[in-house]
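Morning, everyone. Please look at the picture first.

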Amino acid sequence: MTSQQKWVAFCTIVRKEVVRFMRIWTQTLLPPAITMSLYFVVFGVLLGERIQKIGEFSYIEFIVPGLIMMSVITNSFSNVASSFFSSKFQRSVEELLVSPVPDWLIISAYVVGGASRGILVGCVVLLVSLFFTHLSVHSLPLIFLFLALTALTFATAGFTNGMLARKFDDIAIVPTFILTPLTYFGGVFYSIKLLPGIWPTVSKFNPILYMVNGLRFGFLGAGASDVAWPTGVVILGIFMVVLFSLNLYLMKKGHGLRS
Amino acid sequence: MFESRVLGTITTINMQKALQISNLRKTYANGPEALKGVDLEVENGDFFALLGPNGAGKSTLIGILTGLVQKTSGTVSVYGHDLDREVSQVKASLGVVPQEFNFNAFETVINTVVFQAGYYGIPRDVAMTRAEKLLRSLSLWEKRDQPGRNLSGGMKRRLMLARALVNEPKLLILDEPTAGLDIELRRSLWDFLIDLNSRGTTIILTTHYLEEAENLCRNIAIIDEGRLLTSEPIDTFLRKLESQVLVFDLSQAIQECPDLGEAMPCVLKDGTRLEVRVNKGVTINQVFEKLTHQGLMVESMRNKSNRIEELFIDLVSSKKETLKA
């Protein structure tokens, strides 16, 4: 395939993915908007008014970047995991496998498609948050950088899950038992400075902490962040490279795709 | 009925082989050896039938060509491109209609075809034009905005054909394309394929309808238990037939089976239906002479079973006996 043909193939797969999640927007875009509205009402308004400021920020201001990041992570991951597994399950993945599209391009396009949903949902949550609080922007480039890197990394992880899954239950395991606990303990609702004993140190082994704090830094500045944002960029970069290489290996091996 | 004017391209006929397979083997993990050293050649422009009983290895062979099954050893080349070294060129030359439905059931008909074109690097505007042409030709244009799951079985099969043709493949592989179709649809599809082949597309067909192979194909290969039993022109293959059973419908009922001689033993099925086994070397004229001599008038005549079917069964069972011995 020429570079031009590869670009067309890439755009086609991304378009297919975007068409898919837009077609089922009541399952993909609406639920996070409703869930996050509830978070804002319960934690931001009802409870938040009784919680003292974290640094110089109100509690609702503090949790908005974390909730945006939570939506981005969950949606980027689950979009690719469920879409790729469904295409395996229906065998429509064979449409791609019989075509000349190289493996790396299939992975990249699925990842960009999934990341698009993650970022779109992130924007929806951001818009919802504006009904409850005002948001300051400390660094727009940093906001974009963290949103994009996180969405791409978790979409890549979703692809790995979709490749390895053998039944529909398998694509719910990682979000339920790994992503959700890590996200909740990743500083979405609190600053790790408030944790007692060794827990601030333990929390620093949770990669999601760096992503949440990176985005929080982008919105609120250094005063609201528990860790240095460049560490987050490095961690995301490493995860992305490792997971992408693993996906390439699985595709080349034809894991669950070729006999 | 759907029209058979599709892509309007004429491929220059040359002597290049469409497909060359040499000593192809496939052993599945913890499973049987599905292909045991198959050698096969298909000429450019051919209409080729690949026959064999269930589990013979046909789908494995097609799976290897399309990249869905990884071969254990052997070489495969499509239009001179080696599958190991030039997989992209091989895939670009192929169109595949699988046996089972494998499109996204929730995707619209038009998107299924247009997206497939995109995977081959065909720009969207060109893809849309081709998709419209194909869907109109296959009587699916009215259904273009319907999701695939809403189509009937025949329509789904035609959708897979449209999808396989959107990249204008030089070699089209059809795995049981008419399975489950009614006679009218099957014949329409035959016309479509004949026209496609006449425009230069090489077609490899697997089918259980042996009549289909006899009507459509010029060359035939029979595969069984992972081995190639024969590969030759259909005419040559049919000449191997030792005998055939002809059914004669008589204009008047008779009570006893007539004596037509040792070379053409017969059985009276009911008063007006006579089955005559005609051995190799005996002409149909001779049979009619005998019947006329007996004062029997014939209203119609047909083969009891398909000629390829008889040869196919003979060949498969005799090879099995040889292997057992």
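Of the 325 residues in chain B, 41% are buried, where buried means that 20 or more other C-beta atoms, placed from the backbone, lie within 10 Å of the residue's own. This is a predicted model, in which local features need pLDDT of at least 70 and side-chain atom pairs count only at pLDDT 80 or more, while totals for chains, interfaces and linings use all residues. Residues are numbered from 1 along each chain as its sequence is written, and chains are lettered from A and ligands numbered from 1 in the order in which they are written.

Now the overall layout. The C-alpha trace of chain B spans about 70 × 50 × 40 Å along its principal axes. Chain B is divided into domain 1, residues 17–238, and domain 2, residues 243–308; these bounds come from an automatic or database domain assignment. Their C-alpha centres lie 40 Å apart.

Chain B has 10 helices and 14 strands. Those are DSSP runs, numbered from the N terminus: H or I of at least four residues for helices, E of at least two for strands.

Next, one sheet. In what order do the four strands of this open sheet in chain B run? The order is S2-S1-S4-S5, with antiparallel pairing; two strands pair if DSSP finds at least two bridges between them. At the edges are S2 (33–43) and S5 (81–82) of chain B, each pairing on one side only. Strand S1 of chain B, residues 17–27, pairs with S2(B) over eight bridges. Within that pairing, Gln20(B) has Glu41(B) as its bridge partner.

Key: Buried ≥ 20, exposed ≤ 12 C-beta atoms within 10 Å, placed from the backbone.
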